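Dear colleague,

Please find below the structure that I am handing over to you. My notes on what was found in it follow.

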Amino acid sequence: MALRVVGVDPGLTRCGLAVVDVEPNRRATLIDVKVIGTEAGTPLDQRLLVIADGIDAWLDQHKPDVVALERVFSQLNVSTVMGTAQASGIVIVAAARREIPVALHTPTEVKAAVTGSGTSNKQAVGKMVAKILRLDEPPSPADAADAAALAITHGWRGAAFGSAGAAASASSPRSGTSSGLTPAQRAWIAAEAKARSVKSR
């Protein structure tokens, strides 16, 4: 059973969204991509409302097992960091209302997972995303490709216990079990473990 991951590249002007199904053998399939955009001159409350409505609709439509979100990190441009943090908060709340686990991944972690190097540029990431998803070209615009990269990263690395993603999953009451994992997550992890044991023989 595939693990459905919604990747989110947060931002006020452009918030990238991607839905990727990841199988235990690491085969990833792009289901859908979208960018929610707001104009810089729009009042902040209206910008956040547009993002909130878009995220709500996206989660309700695709019903993911987990949301993979870029971790906010410090930059020289404080206003950009603030906008990213505000958009991230909207995403986290929307997921929490639906009891969907949220996993945070740093840009370096995403680059390393997708390309093998934590210092890769956006072009290299986009190229590898297209290759991994078996696409002729990267999802467009770049924010959508970044969201897809986040989803792939979590599908490949976040499902393993001991990771930030697993910690987020384990704390979620969504499944109604003590582990907090959804049926798809439990099946995915079990299948992945089985696949690994077969390869090791």
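**Surroundings of Ser 88**

Ser 88 touches Pro 10, Leu 69, Glu 70 and Val 72, leaving aside residues up to four places away in sequence; a contact here means heavy atoms within 4.5 Å. Ser 88 belongs to helix 2 (residues 78-97). Helices (H or I, at least four residues) and strands (E, at least two) are DSSP runs, numbered from the N terminus. With a relative accessible area of 5%, Ser 88 is buried. The term buried stands for under 20% relative accessible area, exposed for over 50%, and partly exposed for values in between (1.4 Å probe, protein chains only).

**Basis and confidence**

This is a predicted model, in which local features need pLDDT of at least 70 and side-chain atom pairs count only at pLDDT 80 or more, while totals for chains, interfaces and linings use all residues. Residues are numbered from 1 along each chain as its sequence is written, and side-chain values use heavy atoms, with hydrogens and water left out. The predictor's confidence in each residue is given by pLDDT, from 0 to 100. Its average over the chain is 83, and 77% of the residues score at least 70. Over residues 160-180 pLDDT stays under 50, and for this stretch the model has 40 contacts beyond four places in sequence.

Two strands are taken to pair if DSSP finds at least two bridges between them. Strand 4 runs parallel to strand 1 (residues 3-9), with 4 bridges joining them; Gly 7 stands opposite Ala 68 there. Strand 4 also runs parallel to strand 5 (residues 102-105), again through 4 bridges, and Val 67 stands opposite Val 102 in strand 5.

**The antiparallel strands**

Strand 1 also pairs with strand 2 in the antiparallel sense, over 7 bridges, and Leu 3 stands opposite Val 22. These two strands form a hairpin with 4 residues between them. In strand 2 (residues 14-22), 8 of the 9 residues are buried, so strand 2 is largely enclosed by the rest of the structure.

Strand 2 pairs in turn with strand 3 (residues 28-37), antiparallel and over 9 bridges. Cys 15 has Ile 36 in strand 3 as its bridge partner. In the hairpin of strand 2 and strand 3, with 5 residues between the strands, Arg 26 takes a positive phi near 80°.

**Backbone details in the loops**

Most residues other than glycine have a negative phi, and most peptide bonds are trans. Lys 63, although not a glycine, has a positive phi of about 45°.

Which residues are joined by a cis peptide bond? They are Ser 140 and Pro 141, with omega about 0°. Pro 141 is found in the loop between helix 4 (122-132) and helix 5 (142-158). Arg 134 is also found in the loop between helix 4 and helix 5. Arg 134 has a positive phi of about 60° although it is not a glycine, and at 40% relative accessibility Arg 134 counts as partly exposed.

With kind regards
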